[in-house]
Amino acid sequence: MIGMDRVPRVGSRWRGWRVGAAVGVAALLLGTGVVYGLPSASAATVDTSASYVFVNRHSGKAMDLFDWSTAENAPVNQWARNDLAVQQWQFVDAGGGFYKVRSRHSGKVLELPNGSDGTQLVQSSDRSSATQQFRLQDSAGGFVRFVNRQSGKVIDVWEWSTVDGGRLAGYSDTDGANQQWQLVRLGGGTPTTPPGSTTPPPPTGTPSPPTGTPPPAYPQPGRVAGDTGVHDPTVVKRPDGTYLVAHTGDNVALKTSTDRVTYRNAGAAFPGGAPWTTTYTGGARNLWAPDLSYRNGRYYLYYSASTFGSNRSAIFLATSTTGTSGSWTNDGLVIESRTSDNFNAIDPNLTVDDQGRWWLSFGSFWSGIKMIQIDPATGRRLGTTMHSLANYGPGIEAPILVKRGSWYYLYVSFDRCCQGASSTYRIMVGRSASPTGPFIDRAGRDMLSGGGTQVLASHGSIHGPGHQAFLADTDGDYLFYHYYADNGRSLLGINRIGYDAAAWPYVY
């Protein structure tokens with residue numbers, strides 16, 4: 001969303017523009033025979049057990065918490081409607097025909113802190129203050145205005161903005177279209193498109209996944225059993241319907257499952273060792289962050305060799321016709337990085353785009369996530385071009401690039417791994433119409449500039465979920481990842497992936 005420093009300041013010039021605009025709108029309405037005079041005495045009725053999205057008549061945007069904040073006094077702005085929890089509100093009866101308006105995302109309520117025109121609408125903890133209470137005043141066409149109990153000001157789209165991130169403020173009641181809101185009730189069926197909505201339809205192209213509504217909080221991992229101690233998991237479904245998992249471990253650890261629930265140890269990809277990697281591992285057998293795929297009757301395994309904290313690293317390729325322990329052939333080095341390079345050649349992920357081109361994304365810290373093209377005939381690097389996809393200063397790694405519908409989704413892990421229950425890993429996503437980017441998050445931020453929409457983060461006894469993998473199964477999409485338990489053990493997590501009305505993924 002746009003920063004607050006880019007919103008016009010309140011001054012005489014802007015106030016004059018506002019008044020002129022309001023007069024112009026009034027004249028236009030008079031010319032069409034519609035008169036917005038004194039509103040009717042009957043206020044809109046609401047269901048205090050339901051959730052609503054509030055859509056502005058002027059802009060078509062929805063009332064939205066700035067940057068998904070849960071902070072005290074965080075600003076409330078407008079944003080393209082998506083029906084996520086950050087745009088869902090509930091009415092709480094405050095008596096005398098007034099309501100508190102509570103966010104489904106943060107649990108805080110709307111507040112106009114003072115009575116001046118231009119006061120920013122914020123969220124705050126419920127104090128039962130008159131500044132946090134609103135009555136609904138009817139406008140023509142089924143729209144309402146939110147009238148503050150303390151000041152009598154109404155919630156207004158400031159300066160008649162139509163942009164995502166346009167701020168909402170208190171202003172004297174003129175019954176302008178920028179002060180009128182449609183209450184879209186959720187939960188009773190598919191919400192209708194609000195009048196005047198400027199929300200663009202999803203891009204055309206291949207069919208998009210079914211849409212749903214994200215849960216109000218991060219879910220627990222789905223049920224798994226058996227040998228579930230993993231780190232940096234990757235998964236592929238085999239032709240016989242069973243599942244093969246590879247993860248960080250000595251000589252690349254393998255697991256199998258018949259039902260995606262119960263897992264058993266299946267040995268190592270290279271039970272006799274991988275001496276071609278020891279130049280990068282300092283002699284250690286531990287190989288990191290593999291990536292599994294099955295194409296043209298063969299399993300492809302890209303995997304990393306490095307030492308902690310160093311970018312003297314390499315990505316290798318192995319192939320197999322069965323995927324079983326000891327069946328893998330070393331197909332050699334794909335890319336390496338040296339200490340003089342500004343990237344780190346670990347955490348590979350193979351993607352095949354709609355044109356049949358093969359791409360390998362990779363990267364950890366340094367200058368972020370990179371991509372090279374791969375020759376389908378060899379599985380090795382094609383050409384010398386290297387693309388930059390994403391960066392985040394505090395820490396970024398573990399890219400996964402997936403095409404769903406019309407979008408390429410780039411999942412990454414932000415912040416710190418490998419610190420047990422103190423890990424701060426979290427899973428982020430951006431999307432692009434092209435496999436090489438630019439990748440943009442839900443708020444319109446480029447992932448090369450630190451953007452990313454959070455998909456999953458620490459909650460309760462789930463610490464540092466990250467290094468994700470994507471599985472498109474017959475019954476839907478799944479996110480595999482590792483997380484740390486309270487005792488610091490690294491475990492397998494699996495959740496379903498859903499997609500909201502704006503085609504942004506969430507887990508449930």
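User: How much space lies in the second largest pocket, and which of its lining residues are the closest to its centre?

Analyst: In this predicted model, the second largest pocket holds about 750 Å³ of space. Its lining is made up of 30 residues, and those closest to the centre of the pocket are Trp68, His105, Tyr218, Gln454 and Val455.

User: In what order do the strands of the open sheet of four strands stand, and which of them are at the edges?

Analyst: The pairing in this open sheet is antiparallel, and the order of its four strands is S27-S28-S29-S30. A strand at an edge has a single partner strand, so one side of it is left without a neighbour in the sheet, and this is the case for strand S27 (396-404) and S30.

User: What is the average twist from one strand to the next in that sheet?

Analyst: The strands of a sheet pair through backbone hydrogen bonds, in either a parallel or an antiparallel way. In the sheet described above, where the pairing is antiparallel, the twist from one strand to the next averages 30°.

User: Over how many bridges do S28 and S29 pair, and which residue of S29 is the bridge partner of Tyr408?

Analyst: Strand S28 (residues 407-414) runs antiparallel to S29, and the two pair over seven bridges. For Tyr408, the bridge partner in S29 is Ser432.

User: Is Ala177 buried or exposed, and with which residues is it in contact?

Analyst: Ala177 sits in the loop between strand S11 (168-171) and strand S12 (181-186). Its relative accessible area is 17%, and because buried means under 20%, Ala177 counts as buried. When its neighbours within four places in sequence are left aside, Ala177 is in contact with Asn56, Arg57, His58 and Trp160.

User: Where is Gln90 found, and how far apart in space are Gln90 and Thr48, C-alpha to C-alpha?

Analyst: Gln90 is found in strand S4 (residues 89-95), and with a relative accessible area of 22% it is partly exposed. Not counting residues up to four places away in sequence, Gln90 touches several residues, including Ser49, Ala50 and Ser51. Thr48 is 42 residues from Gln90 in sequence, yet their C-alpha atoms are apart in space by 6.4 Å.

Terms used: Residues are numbered from 1 along each chain as its sequence is written. This is a predicted model: local features need pLDDT of at least 70, side-chain atom pairs count only at pLDDT 80 or more; totals for chains, interfaces and linings use all residues. Side-chain values use heavy atoms; hydrogens and water are left out. On a 1 Å grid over the protein atoms alone, a cavity is a set of points where a 1.4 Å probe fits but cannot get out, and a pocket is an open set with protein on both sides within 12 Å along at least five of seven lines; lining residues have an atom within 4 Å of a point. Grid points are joined across faces, edges and corners, and a volume is the space filled by probe spheres set on the points. Buried means under 20% relative accessible area, exposed over 50%, partly exposed in between (1.4 Å probe, protein chains only). Contact means heavy atoms within 4.5 Å. Two strands pair if DSSP finds at least two bridges between them. Axes are lines fitted to C-alpha atoms, for helices over the stretch in contact, and angles run from 0 to 180 degrees between N-to-C directions.
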